[in-house]
Amino acid sequence: WTVTPYMFAKVVSDTEEKEFTSFDEALKYAYNNYTDGDEVSVVLLRETTTAGGFDLSTKAIKVGDSWTYYAPDITLDLNNHTLEVTGTQFVKLKAKFTVDDSSAEKEGCIYTDASNANTNGWIYVNGGRAFTFNNGAIYADSLGSGKYLIGSSGFQNGDVNINGGYISSGSGYAARINNAGDTINITNGMVYGQILVSAGQAVISGGVFDWNPSAYVNTNVYQVNEDDPEPGLFTVTGRADLPDVVKYNGQNYKLISLAIADILATPDKTGTIEFLANTIQEGTITVDDDDANITFDLGGRTITEATATQMFLLEGGNFTIKNGTILAAGQIATSGHIRVNDATLLVKDITFDGDKTQKDVLTNINSKNGGAFYLYATKTTFDNTVVKNCLVRDMSAGTGNSGAIHVVKQDVAHVATLDFINGSKIVNCQAAIQGGAVSVGSGCTFTLNSGCSIENCKATMGGA
């Protein structure tokens, strides 16, 4: 007789598909055998149980005289199955970790009846990368009073993104953000259990809640519908009275985020978003997907920043912003009105006006550099583009640099490059400390090709 063991999970990547007799083995294999930038999925094959307690921190390797820190991008595909977690913490993250359900039913679930969750969070985002939840369910019977189903604290870039599915946190909080540099973004899904913002910010643009989320909703763009879809629930939708602002694939949208979501739902995640009119931009246009290939075509129109937040936050993937004017009239407390992390960016036929006679990066919350663009481990080309009238005035430690553009690496394996071509230029920009036009970090490059220029830019103590 031959006994064939049950297989409970498999690891799927571009190079292999391998089955395992336990979920624990599969997750550990994905983490230990893949490196930074690798995308790997752990797919459930049947109902199973784990004690949890996984630590998916970044791993260190020495390259020359420098250390680089890395971890793969891991997706847990519930595949319409249930994963029961018996321990007080499911996972501690510095790797980028996504929970999804690729099945047609999308009824997979992570479940726990642990009554005394870890004080940092049952899912603990300890910085470095984001936690994203797209489909399925994450359900807790009772975490314990004051405990968090999802907790983020300790380091910057520990964002939490909820784009769908169902979350229920029992007697605890659904999520907590506890770092000034982090954000919880909720664009869709059902969130039963309040969120707690101890530091950082929450941005809610869609979803159904069993509590009133109005404090985190920009009512210039969205509305909170009480007792919808049933008594005691609240639904966040785009305001019905808003005009159509963009078009994708022949369909008009009142919200840019909805057009982005539809592009990311396609197999190749590729598309062009066309602006239909001059637009007052409320909040941040966010894309976080390594496979995204999105063009923002302004169509000769102007986007004007209206709130004290970044205009664009683009992470992973390939992006183009072209053909129009960006007026950054808002006063922001972060680095760069447009921030791009570990991606490829083309800025073509754009005029970026920082409107420095009015306001710009003035306040004092953590590393603010780059009056217009903050380019982190990103390959960027400016083609026939003008960046002008930008100002960085913050003088707290490590800030006040790069009046227009800040170019910085993640580590020795992930550097940033910036190329100016076809007459691109920086004009009339200023920094408080150094780099009146551009600051280029160690290991990064800035190429100013023939016909391009930097004009009337300076760095002066105090940013006067």
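Start with helix α1, residues 23-33. Helices here are DSSP runs of H or I, at least four residues, strands are E runs of at least two, and both are numbered from the N terminus. The buried residues of α1 are Phe-23, Ala-26, Leu-27, Ala-30 and Tyr-31. Buried means under 20% relative accessible area, with a 1.4 Å probe and protein chains only. Looking down the axis of α1, these buried residues fall within an arc of 125 degrees, so they line one face of the helix. That arc is taken from the directions from the helix axis to the C-beta atoms.

A word on the source. This is a predicted model: local features need pLDDT of at least 70, side-chain atom pairs count only at pLDDT 80 or more, and totals for chains, interfaces and linings use all residues. Residues are numbered from 1 along each chain as its sequence is written, and side-chain values use heavy atoms, leaving out hydrogens and water.

Next, the cores. A nonpolar core is a set of buried Ala, Val, Leu, Ile, Met, Phe, Trp, Tyr and Cys residues joined through side-chain atoms within 4.5 Å. The largest has 58 residues, and Phe-90, Phe-97, Trp-122 and Phe-131 touch the most other members. Strand β18, residues 173-192, gives the most to this core: 6 residues. A second, separate core has 49 residues, including Met-311 and Phe-382.

Last, strand β29, residues 312-315. Phe-312 and Leu-314 point one way, Leu-313 and Glu-315 the other, and all are buried. Strands pair if DSSP finds at least two bridges between them. Strand β27 runs parallel to β29, joined by 4 bridges. β31 also pairs with β29 in the parallel sense, over 4 bridges. There, Phe-312 stands opposite Ile-338.

Methods: Buried < 20%, exposed > 50% of the residue type's maximum accessible area, 1.4 Å probe, protein only.
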